[in-house]
Amino acid sequence: MTAHTPAARLRRATAIGALCAGLAVAGTGCATKEDPDKGTNGVGKLSAEKIESQAKAAAGGAASVHLSGTLVTGGKSYTLDMRLKADGGSGEVKSQDDTTFQLLRVGEELYLKAGAAFWGTSDSAGKLGDKYVKVPENDPSYKQFRGFTDMRVLLDGLLGLQGKLTKGAYAKVGQTRVVPVSADAGKGGKVSVSLDGTPYPVLMERAGGAGRVELSEWGKPFPLDPPTQDQTVDYGSQLPTTKDGKPGTGTDGAAAGTGTGSGGGGTGTGGPAPSKGTGSGTGQGANPTGG
C-alpha cells in the first residue's frame, strides 16, 4: 500500500523544496529570477535617448537642486557646493589655489563674501573681509559670478551629452539606484539617472574629465534672503581696485572668456577665477561650465 499519509506528503514536499533551493544556489533552479526593474520608476527599460530626455525634463521642471562637486573650465578647477532655484542661489566656491568665496543671489541682487585675503591689497580689504559685498550689475565680474548661482545656466551646461548614447548596468550613487547613460563610450560625458521616484539626474561626469557633479535634494525648499544691513557692504558702481591701481578681484575676478564649448562636452575658455587683485581681463558670458 502506497503511503499517502499527511506525514509522508510533508516529507516529500520538504525534500522537493530542499532540491529546488540547492538548484537555485547553483543558478539553475526552481526559483523565479528577480525582476531588476521591480520597484523602480521603469525608466531603465527605455532607450538611452529617452532616458536622457526624461532626465532633462525632470530637471527642467524642478524648483530647486543642491549641486556639489568639481568643474574644470579654462584649465582651472573649482569645487562647488551650491543650492539653487529659479530666483537665485547660495553656497560656496573654491578654486584650485584654495581661494574660497561665498555667493548669494536673491533675484538680480548678487553678493560675494570672502576673507580679507581675497581682496588682495585693496585699501578696503580689511573692511570687506567676511562681509557680504554687493556686486554691481555693471561690474565686469557680475555675469560670471552670477553664473554660479543660476540654476538653469548650470544645468544646461552640465546635462548636454555629446555623441552616441548607450545605457549601462544599474548601479548606485549613494543610496539611490541609477541607470547610467554615456555618450561616445564616456568620452562625451555620462549622466546617472535615478531609478527611484522621479528620474532626476543625480550624477554628471563631464566629457574630457572636465568635472564630476552630484545633483541632489531636487525640489527641496530652502531659505533665500538678502543679508542683513549690518553684514552688507555696498561698494558702489564697481568692486575695489588694489593700492597700486591695478584692477582687483572685481574686474579680473571672473577672468572668464566666452565659453566656447557646448553642453557637457564643452570645457569653455573661462569661468570665475578670482585672482586676488591681479590681471585685467573683463570677460564675457555667464556660463561657468562653458556650455
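Which residues does Trp218 touch, not counting residues up to four places away in sequence? Trp218 is in contact, meaning heavy atoms within 4.5 Å, with Ala59, Ala62, Ser64, Val65, Met151, Leu155, Tyr200 and Pro201.

Before I go on, please keep in mind that this is a predicted model, in which local features need pLDDT of at least 70 and side-chain atom pairs count only at pLDDT 80 or more, while totals for chains, interfaces and linings use all residues. Residues are numbered from 1 along each chain as its sequence is written, and side-chain values use heavy atoms, with hydrogens and water left out.

Trp218 also belongs, with Leu112 and Leu215, to the residues that have the most contacts inside the largest nonpolar core, which has 49 residues. A nonpolar core is a set of buried Ala, Val, Leu, Ile, Met, Phe, Trp, Tyr and Cys residues joined through side-chain atoms within 4.5 Å, where buried means under 20% relative accessible area, exposed over 50%, and partly exposed in between, with a 1.4 Å probe and protein chains only. Helix α2, residues 48-60, gives the largest share of this core, five residues; helices (H or I, at least four residues) and strands (E, at least two) are DSSP runs, numbered from the N terminus. A second, separate core of five residues includes Leu104, Tyr132, Phe222 and Leu224.

Let me turn to the loops. Glu217, in the loop between β12 (211-216) and β13 (232-234), has a positive phi near 50° although the residue is not glycine, and Glu217 is partly exposed at 30% relative accessibility. Ala185, in the loop between β9 (176-183) and β10 (190-194), likewise has a positive phi, near 55°, and is exposed at 72% relative accessible area.
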